[in-house]
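Let's take a walk through this protein together and look at how its charged side chains pair up. Have the model open beside you as you read.

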Amino acid sequence: MQIAQDTVVLVRYTLRNDAGDILDSSADGEPLAYVHGSGSLVPGFERALDGRKAGDKLSFEVPPTDGYGLHEAELVQEVPRSAFEGIANLDVGMQFHAQSNQGPHTVTVTKIDGDRITVDGNHPLAGQTLHFEVEVADVRAATGEELAHGHVHGPGGHHH
Ligand code: ZN
């Protein structure tokens, strides 16, 4: 079966940045399962897997515009430390949920300079070219329930 809209795809993958550092990979045992075409993975990933089948191995690059977006300078803000009242051990790399006009999003603390805290609302991988190595482990049709939920049930997916 070929990968197409509304198929369940199981993949083993490794994601690296331009420098070759591993950013993410599927767990040793279980591959990642997703519903193809549901938008749960970045567009460039789904496009590269279109039409592939179980056993295929491929390497490809996803530019930021087909990945996690360009890095937008206006999403980087400096806020006073008092905005983090009650948070012990505030440190670079900590992530918080914040409200904005575009709804809830995650911000990451990127710099601490005394009482001035810099937070970045971009996705941590925004602006990065993503280098994927992927092995397709399995392809099957999604069930009606999986399509309704927008996620995979069973191995590699949700258990509920
Ligand atoms: Zn479900």
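Start at Arg16, which counts as partly exposed because its relative accessibility is 25%; here buried means under 20% relative accessible area, exposed means over 50%, and partly exposed is in between (1.4 Å probe, protein chains only). Arg16 forms a salt bridge with Glu133, and their closest N and O atoms are 2.9 Å apart. A salt bridge is a side-chain nitrogen of Lys or Arg within 4 Å of a carboxyl oxygen of Asp or Glu. This pair links distant parts of the chain, 117 residues apart: Arg16 sits in strand 1 (residues 7-16) and Glu133 in strand 9 (residues 130-141). Strands (E, at least two residues) are DSSP runs, numbered from the N terminus. Glu133 is partly exposed too, at 41% relative accessibility.

A word on the model: it is predicted, so local features need pLDDT of at least 70 and side-chain atom pairs count only at pLDDT 80 or more, while totals for chains, interfaces and linings use all residues. Residues are numbered from 1 along each chain as its sequence is written, and side-chain values use heavy atoms, with hydrogens and water left out.

Now find Asp115 and Arg81, whose salt bridge has its closest N and O atoms 3.7 Å apart. Asp115 lies in the loop between strand 7 (103-113) and strand 8 (116-120), and Arg81 in the loop between strand 5 (76-80) and strand 6 (95-100), so the pair ties together parts 34 residues apart in sequence. Asp115 is exposed at 56%, whereas Arg81 is partly exposed at 34%.

Is Glu146 buried or exposed? With a relative accessible area of 2%, Glu146 is buried. Its side chain meets that of Arg140 in a salt bridge (3.0 Å, N to O).

Technical notes: Helices (H or I, at least four residues) and strands (E, at least two) are DSSP runs, numbered from the N terminus.
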